[in-house]
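Take a moment with the sequence and the view below, and then we can walk through the parts together.

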Amino acid sequence: MIAPTLNAYLAVAVLLFAIGLIGVLIRRNTLVVFMCLELMLVASTLALVAFSRYNGTMDGNVFVFFILTVAAAEVAVGLAIIVALFRKRQTIQLDQLNTLKN
Amino acid sequence: MGTFLFNVLAIFTLVTAVGVVVNRNAVNASMCLLLSLVGVAGLFVGLQAYLLAFLLLLVYAGAIVALFLFIVMLLDTKGDARPTLHKLPVAARVLAVGLVGLGVVSFVAQGKLPEPAIGNAPAVGATLKLYAYQLFSTYLLPVQILGFLLLIAMLGVIVLSKRFEGLEDIK
């Protein structure tokens with residue numbers, strides 16, 4: 001049984017982060033942009049767990065534990081903001097939310 | 001975990017992540033996000049972080065994606081426009097795609113990290129007891145701060161979603 005290398009896990013994490021970043025850049029629906037942000041967060045946790053595993057320490061895993069908690073709080077507040085925004089403006093398309101422009 | 005299982009999980013994760021980006025329907029996108037998170041949880045199992053895999057499924061797939069779906073249903077937006085890179089200058093577009101591509105290519109091609117000698121050491125992160133020792137000794141202060149953070153987030157969500165009389169005319 002050959003274990004995959006650290007490099008393989010990091011490559012997956014980098015690709016996942018890049019996909020999330022591209023999603024954040026090209027999507028116009030705020031909810032989908034938010035989902036892509038979550039993807040980027042999960043990619044970084046994957047890198048943390050991989051490093052932690054291959055260094056034989058616990059610290060990365062405990063960090064991921066904290067990141068999961070913060071992500072839960074972040075999603076709750078972010079979705080509440082999106083709902084408040086929709087209530088105010090009747091849209092969540094990013095290209096129509098340009099009041100602060102100019 | 002064998003290399004075959006790793007490959008399957010990695011490809012599954014990445015393909016479903018692409019599905020999140022390209023799906024024009026937000027419900028389908030959140031379903032793809034769910035599948036991608038399941039793939040990442042499988043990768044966590046491969047890294048012998050069983051508790052984190054379980055928590056990822058529980059917190060992300062159980063709570064966060066359900067919340068996303070709930071909000072998508074609540075807002076009921078029409079189908080998204082085709083994802084485009086419009087509004088961005090051509091130079092910024094080329095630069096962004098080029099930088100991301102360059103980073104990925106350089107990492108995959110040359111980012112070989114030295115393997116530690118203990119590359120196949122037994123897992124240290126497997127048991128709940130180890131987490132408990134760390135959380136309640138070394139990381140006691142962050143745990144308490146996180147408790148306050150969750151409290152503040154709860155209060156913030158209540159304030160954001162409640163309608164206050166007399167404050168509605170504030171533009």
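This is a predicted model: local features need pLDDT of at least 70, side-chain atom pairs count only at pLDDT 80 or more; totals for chains, interfaces and linings use all residues.

## Chain B at a glance

Chain B contains six helices and zero strands.

An assignment of domains divides chain B into domain 1, residues 1-79, and domain 2, residues 124-162. The C-alpha centres of domain 1 of chain B and domain 2 of chain B are 23 Å apart. Chain B has 171 residues, of which 22% count as buried. If you take the contacts in chain B between residues at least 6 apart in sequence, 56% of them join residues at least 24 apart.

## Where the two chains meet

## A helix with two sides: α1 of chain B

The buried residues in α1(B) are Phe6(B), Leu9(B), Ala10(B), Thr13(B), Thr16(B), Ala17(B), Val20(B) and Val21(B). Because they cover an arc of only 155° around the axis, they sit on the same side of α1(B). Phe4(B) and Ile11(B), on the other side of α1(B), are exposed.

What do the buried residues of α1(B) pack against? Their partners are α1 and α2 of chain A, together with α2 of chain B. Phe12(B) also belongs to helix α1 of chain B, which runs over residues 3-22. Phe12(B) counts as partly exposed because it has 17 C-beta neighbours inside 10 Å. In sequence, Phe12(B) and Leu35(B) are 23 residues apart, while in space they are 8.2 Å apart, C-alpha to C-alpha.

In soluble globular proteins, nonpolar side chains tend to be buried together. In this model, the largest nonpolar core has 60 residues, and the members that touch the most others are Leu16(A), Met35(A), Leu39(A), Leu46(A) and Phe44(B). Both chains take part: α1, α2 and α3 of chain A and α1, α2 and α3 of chain B each supply at least two residues of this core. The largest share, 14 residues, comes from α2(A).

If its neighbours within four places in sequence are left aside, Phe44(B) is in contact with Val49(A), Ala49(B), Leu52(B), Ala53(B) and Leu56(B).

## Helix α3 of chain A

Helix α3(A) has 31 residues and spans 44 Å from its first C-alpha to its last, close to the 45 Å expected at 1.5 Å a residue. Within α3(A), the buried residues are Gly60(A), Asn61(A), Val62(A), Val64(A), Phe65(A), Val75(A), Leu79(A) and Ala80(A). The buried residues of α3(A) pack against α2 of chain A and, from chain B, against α3, α5 (128-136) and α6 (140-161).

Most residues other than glycine have a negative phi. Gln90(A) is exposed, because 9 other C-beta atoms lie within 10 Å, and a residue counts as exposed at 12 or fewer.

Chain B has a glutamine to set beside this. Gln48(B), likewise not a glycine, has a positive phi of about 60°. Gln48(B) lies in the loop between α2 (26-46) and α3 (50-75) of chain B. Gln48(B) counts as partly exposed because it has 18 C-beta neighbours inside 10 Å.

Methods: Residues are numbered from 1 along each chain as its sequence is written. Chains are lettered from A and ligands numbered from 1 in the order in which they are written. A residue is buried if 20 or more other C-beta atoms lie within 10 Å of its own, exposed if 12 or fewer, and partly exposed in between; C-beta atoms are placed from the backbone. Helices (H or I, at least four residues) and strands (E, at least two) are DSSP runs, numbered from the N terminus. Domain bounds come from an automatic or database domain assignment. The arc is that of the directions from the helix axis to the C-beta atoms. Two residues are in contact if their C-beta atoms, placed from the backbone, lie within 7 Å. A nonpolar core is a set of buried Ala, Val, Leu, Ile, Met, Phe, Trp, Tyr and Cys residues joined through C-beta atoms within 7 Å. The expected span of a helix is 1.5 Å times one less than its number of residues.
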